[in-house]
Amino acid sequence: MSAQARGELPLWYSAGLVPVLNVACAFLVAGLVVLAIGASPIDAVRILLRGALGSPYGIGYTLYYATTFIFTGLAVAIAFHAGHFNIGGEGQSLLGGLGIALVVLNLAFLPSPLLILLTIAGAALLGAAWAFIPGWLQAYRGSHVVITTIMFNFLAFGLLGYLLVGPMKRPDSMSLETLPFVEGARLFRADEILGWMGIAMPRTPLNLSFALALLCALFTWVLVWRTRLGYEIRTVGANPTAAHYAGISSKRITVIVMLMGGAFAGMMATNEILGVQQRLIADFTAGAGFVGIAVALMGRGHPVGIVLASLLFGVLYQGGAELAFDMPLMTKDMIIVIQGLVILFAGALENMFRERIAGWIFRKPVEVAP
Amino acid sequence: MIEFVSFMVVALDSAVRLSVPLLLACLAGMYSERAGIVDIGLEGKMLVAAFAAGVTAFLVPNPWVGMLAAIAVAVLFALIHGYASINQRGNQIVSGVAINVLASGLTAVLGNAWFREGGRTPQLPGHARFQEITLPGADLVKDVPFLGTLYSDIISGHSAPVYLCILAVPLTWFVFYRTRFGLRLRAVGENPHAVDTAGISVMKMRYGAVIICGILCGMAGAYLAIGQSAGFNNDMTAGKGFIALAALIFAKWRPVPALGACFLFGLLDAVAIRLQGVALPMIGQVPVQAIQSLPYILTVILLAGFIGKAIPPRAAGMPYSKDR
């Protein structure tokens, strides 16, 4: 998407103005929906921003939500660079959670730092494994990765549903959850870490996995733009035929990007399960895999864009929670509407302004993206 | 034995009901994908349709008015997908995801704002819903073994959309394989350039297909909200649009096998509900999730080419532009 859509236009236009216009359009339509249910969009934005950014408490929550979206956004973006669409973030994250639970519940005797490292590895490994099958099927059997990842989302829900009512269920509780984790298997929260440095911060779920998410974003940038493998990935995405001619195996690349996408999605569970829940619960992803699609499209596949888009969605989720409190009409579903509109305008309709406005600004016919 | 027969009669009867929304959505997807527009937004279109049906049937207590409203809204969403895919040549998968997410958010926001019942629409009285129809002679042959039971307990006693849906299968077959429109529609999905060369507008054909897709999704949604239930519930499609997509692949994009695939998936669902917590002789207790996952597992295996081969229409998912 981004590589081929960039065309001949300057960066500030194709990576700056156009995405901003597309997202502005999404928010404009969302504003109309707010008006339609009889609320004031201006008030809504004010409450939303104050709730998300007006206090250290709000900022903590905003960053906590953003952490999740960075992981799932990268999961979508890395596959995008090779021309594949990974809709399976939801299922891969669930499996990541399972990986964490399996490590913690079986190896609880290990010293804390080692245990935590192993849980992160477990999350990445199971997420990657869940993405490997669709990736392999796409590469070697030609089954479309979009359809198989959708199917694997449902299969993941089925698998976790089965495990949490059956073999892994906490015996003394009615709810669908495993036994609580040992204290050693917990990522430190931001307020604890800042507290050691003598900085007071109210308690929020923001934890160390935020740093892990930023590391993953940095890793993605280095990998895609500064390594030979990244060059191969981008070549396959831009032109599989040319890649083949240059001796790059698009099958190998397909499997690799799906493995990495799955690992990123799986590590999303470190934020939810390891950082906050401290036990495996059902449906903890809550649609984060789909937010990842919006984030990746909005950030145009670039890690910097993804982090920024994740922060915006973090603001929306945290502000949206405050909004639901102050304006009962504005439930959290309003955020889902915005998310859908962002995917529509920044994704499916991304070329709507591109050619038209380029014609006005640059006064020349513009090569149309295929 | 008698226990097993009565179990099967009940299961088959509810399989008919459960497969109706699947079949309508599956046929909807078939029109769209056969014309080259990949549609993973069936779920979203069904959901907005179900919502529109629930709201309208509450305001105007007539199921047919509810269904018309459902069709209108589903067609509107289908046109958004059409505009993005056909005019804007956008990514059809992304557009489908957008439709699904938007539908899930909008129905919840509007439902909550209008009715304040947590996203549900008010319970509908009987005359605002599709009523069960007893087919002629059903009571007469009730006591005839097997065939009588089949007719009176399984075939008879469903609401009007069920019969419309079953009629839609031969109709779709006829349209696809016996009409000029159907030939062109299939050609547009396989080789749009050839169709264009023959002087037929690819754009018009694809819009036609997308609109038919919207109409059928509308019927599917209406059946969910005012046929199967007495109003709209939050996320009431619950993945049915994706099972329909699986059925579409399973049927290899053909109408008559689609009937079989949807009925099979409907039956799996019906059996899964009834087997919950029941220990079967020899096998023991089968996890419900295992049966519910079967449609997805079967579809993945089929897509992988281990049993037969599912080949999509050749131009599916590719935007058409004249100059290439």
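Arg89(B) follows helix α3 of chain B, and its phi is positive, near 50°. The model is predicted. How far apart are the end C-alpha atoms of helix α3 of chain B? They are 35 Å apart. The helix covers residues 63-87, which is 25 residues, and at 1.5 Å a residue it should span 36 Å, so the two values agree.

The largest nonpolar core has 234 residues. Among its members, Leu24(B), Ala49(B), Ala50(B) and Ala247(B) touch the most others. Take Ala49(B). Leaving aside residues up to four places away in sequence, Ala49(B) touches Ala70(B), Val73(B) and Ala74(B), as well as Cys217(B), Gly218(B), Ala220(B), Gly221(B) and Ala222(B). In soluble globular proteins, nonpolar side chains tend to be buried together.

Phe265(B) is another place to look. Phe265(B) sits in helix α11 of chain B, residues 255-274. Is Phe265(B) buried or exposed? Phe265(B) counts as buried, because it has 28 C-beta neighbours inside 10 Å, and the cut-off for burial is 20 or more. Beyond residues up to four places away in sequence, Phe265(B) touches Ser19(B), Leu22(B), Ile243(B), Ala247(B) and Pro295(B). Of these, Ala247(B) is also one of the core residues that touch the most other members. Ile291(B) lies 26 residues from Phe265(B) along the chain, and their C-alpha atoms are separated by 9.8 Å.

Next comes chain A. It has 16 helices and zero strands. Its radius of gyration is 21 Å, close to the 21 Å that the globule rule gives for 370 residues, so chain A is as compact as a globular protein of that length. Along the principal axes, the C-alpha atoms of chain A fill a box of roughly 70 × 55 × 40 Å. Of its 370 residues, 55% count as buried. Among contacts in chain A with a separation of 6 or more, 75% join residues 24 or more positions apart.

How do the two chains meet? In the model, 39 residues of chain A are in contact with 35 residues of chain B. On the chain A side, α6 (112-141), α7 (145-165), α13 (288-298) and α15 (333-348) each supply at least two residues. α15(A) gives the most, with 11 residues. By class, this side has 26 nonpolar, 10 polar and three charged residues.

Last, confidence. The mean pLDDT of chain A is 89, and 96% of its residues reach 70 or more. Over residues 1-6 of chain A the pLDDT is below 50, though this stretch has 15 contacts in the model beyond near neighbours in sequence. Where pLDDT is low, the predicted coordinates should not be read in detail.

Conventions. Residues are numbered from 1 along each chain as its sequence is written. Chains are lettered from A and ligands numbered from 1 in the order in which they are written. This is a predicted model: local features need pLDDT of at least 70, side-chain atom pairs count only at pLDDT 80 or more; totals for chains, interfaces and linings use all residues. Helices (H or I, at least four residues) and strands (E, at least two) are DSSP runs, numbered from the N terminus. The expected span of a helix is 1.5 Å times one less than its number of residues. Two residues are in contact if their C-beta atoms, placed from the backbone, lie within 7 Å. Ala, Val, Leu, Ile, Met, Phe, Trp, Tyr, Cys and Pro count as nonpolar, Asp, Glu, Lys and Arg as charged, and the others, Gly among them, as polar. The radius of gyration is taken over C-alpha atoms; the globule rule is 2.2 Å times the number of residues to the power 0.38. A residue is buried if 20 or more other C-beta atoms lie within 10 Å of its own, exposed if 12 or fewer, and partly exposed in between; C-beta atoms are placed from the backbone. A nonpolar core is a set of buried Ala, Val, Leu, Ile, Met, Phe, Trp, Tyr and Cys residues joined through C-beta atoms within 7 Å. pLDDT is the predictor's confidence in each residue, from 0 to 100.
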